[in-house]
Each structure stands twice: as structure tokens, then as C-alpha cells.
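Me: I am new to this structure and would like to go through its side-chain contacts. Could you take me through them?

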Amino acid sequence: MESLRILVTGGAGFLGSHLVRALSKEGHLIRVLDDLSTGSLENIKGCDVEFIRGDIREYSTVKDALKDIDVVVHLAALIDVPESIEKPVEYFEVNSYGTFNVARASDNINTLIFSSSCAVYGNPERLPIDENHKLNPLSPYAASKISGEAYITGYANIYGYRPVILRYFNIYGPKQTKAYAGVISEFTKRALRGEPPIIYGDGEQTRDFIHVEDAVDAILKAIKEERARGVYNIGSGNAVKIKDLAYLILKLAGRTEIRPVYIAPRPGDIRNSVADITRANKELGFEPRVKLDRGIEMLMKEK
């Protein structure tokens, strides 16, 4: 594959830094735009990148960052559902207006890949969830992702770039911070400290967990597959109960004597979620490789 000039917004964050390292290995020319509000330069230390510290809410900053770029991977966002209910204006400004700026500034690129979320579906009417499922946001965060998808698509129709929207389910893995609201990361930290996992609700709710290596692979495939465009679910395709996840982590940590603690459910949380990844498999060649227990073991070694 030829070397591309790629801008990664949020490239010093959790998913972004893993992507930057993968792109570096492939020999691409990488520019990172990040305000370092949750990311860290330590995450991309040793990578050959051009780094711009800036805020996607500032159009001139975004426009400058996009100069001479072939592909944009837009990951920069606020991502905590309960926080979005407490700070809806901030989530609108960063996620909606920030994505609007990225889309509006992308008049001379070939491809724009946008990191969306399964949160756009709300409580599903059918499982697994396919890309044609109706959208029903239960939080300002989910609403901001829907608006971002609309801006990406709308400007693609004006400018002619190739839009790829990846609706991620629950990503986990190394470098995940509390800011990313990762339940696996939090359960693992507590188990390794000998503390009980804290479950919001009854633990019967299900989630679809995907390792960050597989999440990155989906982006790499979206960049390479020039026929790919539109919306793709990116998950494992497997539903896991939160209480089962807690006991699995306790088992892998060797702390089977500990029992989870149950507290009140969080507002805005959906009940059940699992991805239908048929389209991503057929059109991107996407197939998750990291099994849940193996991914948790890898995370524990980092801790």
C-alpha cells in the first residue's frame, strides 16, 4: 500500500495512540491533532509523527491541521454517557460542533473515517443490532454522535470524500483511562487491588466487548478498502452479561473469594447490546481476533 498522509484527531488518546503506532509501522506520514485533555504524549512516545496541540472546536486549528492530508481519522471526542447528561453543552461543543468543523474543513481529502458509537441505537428492538436498526439516543452523548454522523455524511455529499462511519461497541485494552469509561479496565484495577467490582444495576445487562487491537484493525481495513463507505458496526458479535464479566475478571485475577457489589443503575445506560458485524466482515474483511479472556489477561499484565 502506498504511503498516505493521515491526520488522526485525538491521536494521543486511548484508541488514537494504538492507531498511531499501527500506522507508523505501515510507513504512513502521520499528523496528530489533540488537546491533551485526556490523552498523553507519553502514549505516542517514539512514534514519528507531527504533533499539533489544538482544540477541534477551533475551526482555524482544524483547517491548518488538514493541510495536505489524504485521510482523516476523526477520533477526538468526549465519551462518558453520565457526564454528557451533567455537561450537555460541553458534549455538544466538542462532539457535534467539533465534528462539524472537521467535516467542513475536509474539502480536499480522499477519505474521512469517523468513530461513532453503538449508543446511537439506544435500547435495541432486536438483537443482534444491524446498521439498519433505527436510531434512538438515550443521552446527549449518543445524540452528539448521531449529529456527527450526519455532518460527515452531509459534507461527503458536498465535497466528494469517501465517508466511513464506524459504530464501535465497547472497546477495551491497554492505556484505557477512567475518562474512557471502560468497565473492563475498572473491574480489572479493582480485582488486582483485592477490591470488589462495582456493578451498576442488576448485572444482567449485556455488552459487546472488542479489544483495542481489533478496533484499530477495523480502521486500517477501512483505509485500505477503497470501496468501503457508509456505516459499519465494529464489535465482537458476542453478548456478555456484566455480572459474568465481573466473575471472569475475578477468576483471572485469582480473587474468586471476592463478590461484586451492586449499586443503582446509571441514567442513560442501555440494557442490552450486541453487534451484528456481518457488513463489516463482508465489505471490510473485518474479523475480531482477540478473545475476551485473552484480552483481559493482556490487560492484567499491563497493570
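Reply: What follows is a discussion of a predicted model, taken topic by topic.

Me: How many aromatic pairs does a search of the whole structure find?
Reply: The search gives 4 aromatic pairs. In one of them, Phe100 and Tyr151 have ring centres 5.1 Å apart, and the planes meet at 55°, so this pair is tilted.

Me: Where do Phe100 and Tyr151 lie in the chain?
Reply: Phe100 belongs to helix α4, residues 88-104, and Tyr151 to helix α5, residues 140-159. The two are 51 residues apart, and their pairing links distant parts of the chain.

Me: Is Phe100 buried or exposed? And what about Tyr151?
Reply: Phe100 counts as buried because its relative accessibility is 18%, under the 20% limit. Tyr151 has a relative accessible area of 33% and is therefore partly exposed.

Me: Which aromatic pair has its centres 5.4 Å apart?
Reply: That is the pair of Tyr155 and Tyr159, which is tilted, with 35° between the planes. Both residues lie in helix α5, 4 residues apart, or about one turn of the helix.

Me: Why would that spacing matter?
Reply: An α-helix has 3.6 residues a turn, so residues three or four places apart point the same way.

Me: How accessible is Tyr155? And Tyr159?
Reply: Tyr155 is buried, at 16% relative accessibility. Tyr159, at 32%, counts as partly exposed.

Me: Which residues do the ring pairs link into a cluster?
Reply: The cluster consists of Tyr97, Phe100, Tyr151, Tyr155 and Tyr159.

Me: Which charged end sits over the ring of Tyr59?
Reply: It is that of Arg104, at 3.7 Å from the ring centre. In another part of the model, Arg279 lies over the face of Tyr232, 4.3 Å from the centre of that ring.

Me: Changing topic: which residues of helix α10 are buried?
Reply: In α10, residues 292-302, the buried residues are Leu292, Gly295, Ile296, Leu299 and Met300. Viewed down the helix axis, they fall within an arc of 140°, so they line one face of α10.

Me: What covers the buried residues of α10?
Reply: The covering elements include β7 (170-172), α6 (183-192), β10 (209-211), β12 (240-241) and α8 (242-252).

Me: On to charges: how many salt bridges does the structure hold?
Reply: There are 22 salt bridges. One of them joins the side chains of Arg57 and Glu93, at 3.6 Å from N to O.

Me: How accessible are the two partners, Arg57 and Glu93?
Reply: Arg57 is partly exposed at 30% relative accessibility, and Glu93 is partly exposed at 33%.

Me: What does Asp217 form a salt bridge with?
Reply: Its partner is Arg289, and the closest N and O atoms are 3.9 Å apart. Asp217 is in helix α7 (residues 212-224), while Arg289 is in the loop between α9 (278-284) and α10, so to speak of the pair is to speak of distant parts of the chain, 72 residues apart.

Me: Are Asp217 and Arg289 buried or exposed?
Reply: Asp217 is buried, with a relative accessible area of 10%. Arg289, at 59% relative accessibility, counts as exposed.

Terms used:
Residues are numbered from 1 along each chain as its sequence is written. This is a predicted model: local features need pLDDT of at least 70, side-chain atom pairs count only at pLDDT 80 or more; totals for chains, interfaces and linings use all residues. Side-chain values use heavy atoms; hydrogens and water are left out. Rings of Phe, Tyr and Trp (its six-membered ring) pair if their centres lie within 6.5 Å; planes under 30 degrees apart count as stacked, over 60 as edge-to-face and the rest as tilted. Buried means under 20% relative accessible area, exposed over 50%, partly exposed in between (1.4 Å probe, protein chains only). A charge sits over a ring if NZ of Lys or CZ of Arg is within 6 Å of the ring centre and within 35 degrees of the ring normal. The arc is that of the directions from the helix axis to the C-beta atoms. Contact means heavy atoms within 4.5 Å. A salt bridge is a side-chain nitrogen of Lys or Arg within 4 Å of a carboxyl oxygen of Asp or Glu.
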